[in-house]
Amino acid sequence: MKNQLQDVFKHIGAEYAGEILRDSGYLLEVDVSGKADKLGYGDVAEKYRGVSAFVPLKNSAPGMKVMFDGRGFSRYAQFESGVVAPEHVARDADLPHKDFEPHDSMVRIIG
């Protein structure tokens with residue numbers, strides 16, 4: 001299952017590669033379970049249902065935008081691709097990552 005979860009995060013990173021800015025204040029919410037379903041990883045989709053990853057974007061994107069306090073991301077990790085995920089999920093994926101350093105104020109894009 002670890003390799004499948006790695007594939008999910010690699011797919012998210014590749015999908016948005018040209019749009020990622022690692023230290024952006026715009027974070028696009030991505031449903032990990034939905035991406036796993038699309039890749040045919042039913043077990044991963046079930047285990048991580050309700051988990052969101054975030055893609056820091058160079059610019060805003062279509063969708064509902066919510067301003068929020070970046071301190072809510074204190075237990076998140078950022079992969080080398082720039083994709084951000086909850087710390088425990090990043091550990092499960094076993095991909096290289098570091099602690100995510102959020103801005104004080106950020107924009108969450110729910111698309």
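**A loop residue, then the fold**

Modeller: Start with D94, found in the loop between helix 4 (87-93) and strand 6 (97-99). Helices (H or I, at least four residues) and strands (E, at least two) are DSSP runs, numbered from the N terminus. This is a predicted model, where local features need pLDDT of at least 70, side-chain atom pairs count only at pLDDT 80 or more, and totals for chains, interfaces and linings use all residues. Residues are numbered from 1 along each chain as its sequence is written, and side-chain values use heavy atoms, with hydrogens and water left out.

Colleague: What is the phi of D94?

Modeller: Positive, about 55°, although D94 is not a glycine. Most residues other than glycine have a negative phi.

Colleague: And how does D94 count on accessibility?

Modeller: D94 is partly exposed, because its relative accessible area is 48%. Buried means under 20% relative accessible area, exposed over 50%, partly exposed in between (1.4 Å probe, protein chains only).

Colleague: Which residues does Q6 contact, leaving aside neighbours within four places in sequence?

Modeller: A93, D94 and L95. Contact means heavy atoms within 4.5 Å. Q6 lies in helix 1 (residues 2-15). Q6 counts as buried because its relative accessibility is 13%.

Colleague: Changing topic. How many helices and strands are in the chain?

Modeller: Four helices and seven strands. Along the sequence the pattern reads α-β-α-α-β-β-β-β-α-β-β. The radius of gyration is 13 Å, close to the 13 Å that the globule rule gives for 111 residues, so the chain is as compact as a globular protein of that length. That radius is taken over C-alpha atoms, and the rule is 2.2 Å times the number of residues to the power 0.38.

Colleague: What does the C-alpha trace span along its principal axes?

Modeller: About 35 × 25 × 25 Å. Buried residues make up 43% of the 111 residues. Of the contacts with a separation of 6 or more, 69% are between residues 24 or more positions apart.

Colleague: Now the strands. How do strand 1 and strand 2 run, parallel or antiparallel?

Modeller: Antiparallel, with six bridges joining strand 1 to strand 2. Two strands pair if DSSP finds at least two bridges between them. V30 has A53 as its bridge partner in strand 2.

Colleague: And which way does strand 1 run against strand 7?

Modeller: Strand 1 (residues 26-31) and strand 7 (residues 105-110) run parallel, joined by three bridges. There, L27 stands opposite R108. Strand 7 also pairs with strand 3 (residues 64-69), in the antiparallel sense over six bridges. M67 has V107 as its bridge partner in strand 7.

Colleague: Back to strand 2. How many of its residues are buried?

Modeller: Six of six. S52, F54 and P56 point one way, and A53, V55 and L57 the other way.

Colleague: Why does F54 count as buried?

Modeller: Because its relative accessibility is 2%. F54 is found in strand 2 (residues 52-57).

Colleague: What does F54 touch, not counting residues up to four places away in sequence?

Modeller: L27, L28, E29, F73, Y76, G82, V83, V84 and R108. The C-alpha atoms of F54 and Y76 are separated by 9.9 Å, and these residues are 22 apart along the chain.
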